[in-house]
Amino acid sequence: METQLDLTKLSENDKKELNQVLNNEAQKGNIQQTVHHLNEVCWQKCITSKITSGTLDKSEEACAQNCVDRWMDTSLSILQKLENMRGH
Amino acid sequence: MSSLFGSSSSATPQTSEEIKAAVVRQLQTEAAMSNARSLIGKVNKHCFQACVPTPGTSLSAKENTCLSSCMEKYIAMWNVTSRTYITRVGTETKRLGGQDAAAIASMATGQPEGGSGILG
């Protein structure tokens, strides 16, 4: 971006390390994107009344937790069903 | 651009060590920016929907208060979602014998491909 980095000067060891960092960041980014998606879905399901405070009330928080877990149940279940279909 | 989010050092990295550090820094900056951009987009979308049902000639005081609360609430919920999801992914990964449950779940988001664009 701001400076031209000469990657050919990287040692083999640093290349390997960099690769590891890159993979970790990619995985982190992946998780964050899923959380963004999930939060959007669950916001629509759980925040249904007028917004009067900046905190979650007890029922909203419980709803958010259930929402995430049931979403995971759903996606795992669907993938399992697809996997079964493929086997026949 | 470089003054806003750029690296603090102005000298061009020369050694392998310096180049590595510069790449890591840039990578983390871009990842953080990407995450922030996603959050800003979602907050804007949902809080506009929740707080400005009928747009007038300007934002009313009530709408402004609502927007502040909404933003805080959205972020509070993001933290709950994140915590719950990461806990669940840990459980599932264990159950699946080490298979990355986060990678599996990300398939169900309908996003083109994970990685939030860092890998280009």
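Among contacts in chain B between residues at least 6 apart in sequence, what percentage join residues at least 24 apart? The share is 41%, where two residues are in contact if their C-beta atoms, placed from the backbone, lie within 7 Å. The model is predicted, and local features need pLDDT of at least 70, side-chain atom pairs count only at pLDDT 80 or more, and totals for chains, interfaces and linings use all residues. Residues are numbered from 1 along each chain as its sequence is written, while chains are lettered from A and ligands numbered from 1 in the order in which they are written.

To begin with the chains themselves, chain B has 4 helices and 0 strands, arranged along the sequence as α-α-α-α. Chain A has 2 helices and 0 strands. Helices (H or I, at least four residues) and strands (E, at least two) are DSSP runs, numbered from the N terminus. In chain B, 21% of the 120 residues count as buried, and in chain A the figure is 26% of 88 residues. A residue is buried if 20 or more other C-beta atoms lie within 10 Å of its own, with C-beta atoms placed from the backbone.

The outline of chain A comes next. Its C-alpha trace spans about 55 × 50 × 20 Å along the principal axes. The radius of gyration of chain A is 21 Å, whereas a compact globule of 88 residues would have one near 12 Å; this radius is taken over C-alpha atoms, and the globule rule is 2.2 Å times the number of residues to the power 0.38. UniProt, in an unreviewed entry, places the feature "domain: Tim10-like" at residues 21-83 of chain A; such annotations may be inferred rather than shown by experiment. Over residues 21-83, chain A is 83% helix and 0% strand, with its end C-alpha atoms 32 Å apart.

Where the two chains meet, chain B gives 52 residues and chain A gives 46 residues. On the side of chain B, α2 (16-51), α3 (61-95) and α4 (101-106) each give two or more residues, and α2(B) supplies the largest share, 17 residues.

The largest nonpolar core has 25 residues, and those touching the most other members are L38(A), C42(A), A64(A), C67(A), V68(A), Y74(B) and M77(B). Such a core is a set of buried Ala, Val, Leu, Ile, Met, Phe, Trp, Tyr and Cys residues joined through C-beta atoms within 7 Å. The largest share of this core, 7 residues, comes from α3(B). Leaving aside residues up to four places away in sequence, A64(A) touches C42(A), C46(A), L56(A), M77(B), V80(B) and T81(B).

Methods
Buried ≥ 20, exposed ≤ 12 C-beta atoms within 10 Å, placed from the backbone.
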